[in-house]
Amino acid sequence: MESVKSSKNKIVIANWKMKLSLKESIDLANDLKNYCKVFKKGSVVVCPNFMSIIEVKKILKDTPIVIGSQDVFWEQQGAYTGEVSPSMVLEAGCEYAIIGHSERRKYMLENYEMIHQKLKAVLNTDGITPIVCIGENEDERKTDRRDFVLVHQLQQSLGGISLLENQQVIIAYEPIWAIGSGIAIEPEEAVYAHKIIKLTLNDMFGPQVSSNNFKIIYGGSISSKIVKDFVDLENIDGLLVGGASLNAEEFCKVAKAMLASSKK
Ligand code: PEP
């Protein structure tokens, strides 16, 4: 079976969702600038709304924090009103892109066929690392379908993809019932779900690619109060943080706790 604990460089990703105006995003970026000096370059990512990316990037450019987008389209250019392409977010300064967040699956009816197209487009855009979101809803959990759902979502989003040696993919396990609910998953349950994900990736890509090219992170109601329970768990390589990322002090507490356990 897989190793105990993750020996990978961990990553903590802030998802600001559509919660902040441009001014509020600028203020939060300025706050983060003061709190984040301790981090290793690239270990912390913030994902502002599209309108705020360029200004936030300007503020954080000489800090260890890098920028991600909250979504991306699957074509690079064309008549796709309202969409933003991977090359556009790259040009704006993003190094990461979240794909298939459950809120987009719910409100924009994104499905894993679309998520697969988005993943391919991002992988074809040198310089952006995809963060692919998966996770079961409450009903699927209650009816014991979680494992099946996770395997299925991985197969649909990643099936047929082959990765170059230097390409990274982050899988964010985000149980939908835990997002924004204030109730995080129990750490043992997260370890179990991450093991399912790890074994599925081993099966799909082989153990070497699964270990070298993938990180598996957890998201769902993480806060500074509970983050200690998620540090040093098997196959948990980082966190995706929503609500707790909207305050610089709180977010940096979460990031510090998680990253303290990272390989130096
Ligand atoms: C998210 O939406 O990705 C998330 C993890 O949100 P929260 O931390 O607020 O549950």
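**Close-up 1. Composition of the shell around the ligand in a predicted model.** By class, the shell around the ligand has 4 nonpolar, 8 polar and 3 charged residues, where Ala, Val, Leu, Ile, Met, Phe, Trp, Tyr, Cys and Pro count as nonpolar, Asp, Glu, Lys and Arg as charged, and the others, Gly among them, as polar. In total 15 residues surround the ligand, and the closest are Lys17, Glu174, Gly180, Ser221 and Gly243; a residue is near the ligand if one of its heavy atoms lies within 4 Å of it. The structure is a predicted model, in which local features need pLDDT of at least 70 and side-chain atom pairs count only at pLDDT 80 or more, whereas totals for chains, interfaces and linings use all residues. Residues are numbered from 1 along each chain as its sequence is written, and side-chain values use heavy atoms, with hydrogens and water left out.

Close-up 2. For Gly242, a backbone N or O atom is found 2.8 Å from an oxygen atom of the ligand, and for Gly243 the corresponding distance is 2.8 Å. Taken alone the ligand exposes 290 Å², of which the protein buries 95%; accessible areas come from the Shrake-Rupley method with a 1.4 Å probe, and for residues only the protein chains shown count as cover.

Close-up 3. Lys17, one of the residues closest to the ligand, lies in the loop between strand 1 and helix 1, where helices (H or I, at least four residues) and strands (E, at least two) are DSSP runs numbered from the N terminus. Its phi is near 50°, a positive value in a residue other than glycine. Lys17 is buried, with a relative accessible area of 15%; buried means under 20% relative accessible area, exposed over 50%, and partly exposed in between (1.4 Å probe, protein chains only). Asn49, found in the loop between strand 2 and helix 2 (53-60), likewise counts as buried, at 15% relative accessibility. Leaving aside its neighbours within four places in sequence, Asn49 is in contact with Lys17, Leu20, Ser25 and Gln70, contact meaning heavy atoms within 4.5 Å. A polar atom of the Asn49 side chain also lies 2.9 Å from the backbone nitrogen of Ser52.

**Close-up 4. Surroundings of Ser43.** Ser43 is placed in the loop between helix 1 (22-35) and strand 2 (44-47), and its relative accessible area of 8% makes it buried. Apart from neighbours within four places in sequence, Ser43 is in contact with Lys10, Ile11, Val12 and Leu259.

**Close-up 5. A salt bridge between Lys8 and Asp237.** The side chains of Lys8 and Asp237 meet in a salt bridge with an N to O distance of 3.9 Å, the term denoting a side-chain nitrogen of Lys or Arg within 4 Å of a carboxyl oxygen of Asp or Glu. This pair links distant parts of the chain, 229 residues apart, with Lys8 in the segment before strand 1 (11-15) and Asp237 in the loop between strand 7 (214-219) and strand 8 (238-241). Lys8 is buried at a relative accessible area of 19%, and Asp237 counts as buried at 3%. The structure holds 16 salt bridges.

Close-up 6. Arg145 forms a salt bridge with Asp139, the closest N and O atoms being 2.8 Å apart. Arg145 counts as partly exposed at 36% relative accessibility, and Asp139 is partly exposed as well, with a relative accessible area of 46%. Elsewhere, salt bridges that share partners join Asp71, Arg104, Glu110 and Lys118 into one network. Asp144 lies in the loop between helix 6 (138-142) and helix 7 (146-158); its phi is near 60°, a positive value in a residue other than glycine, and at 73% relative accessibility Asp144 counts as exposed.

How values were computed: Polar contact = N/O pair within 3.5 Å; in protein donor to acceptor, adjacent residues only side chain to side chain.
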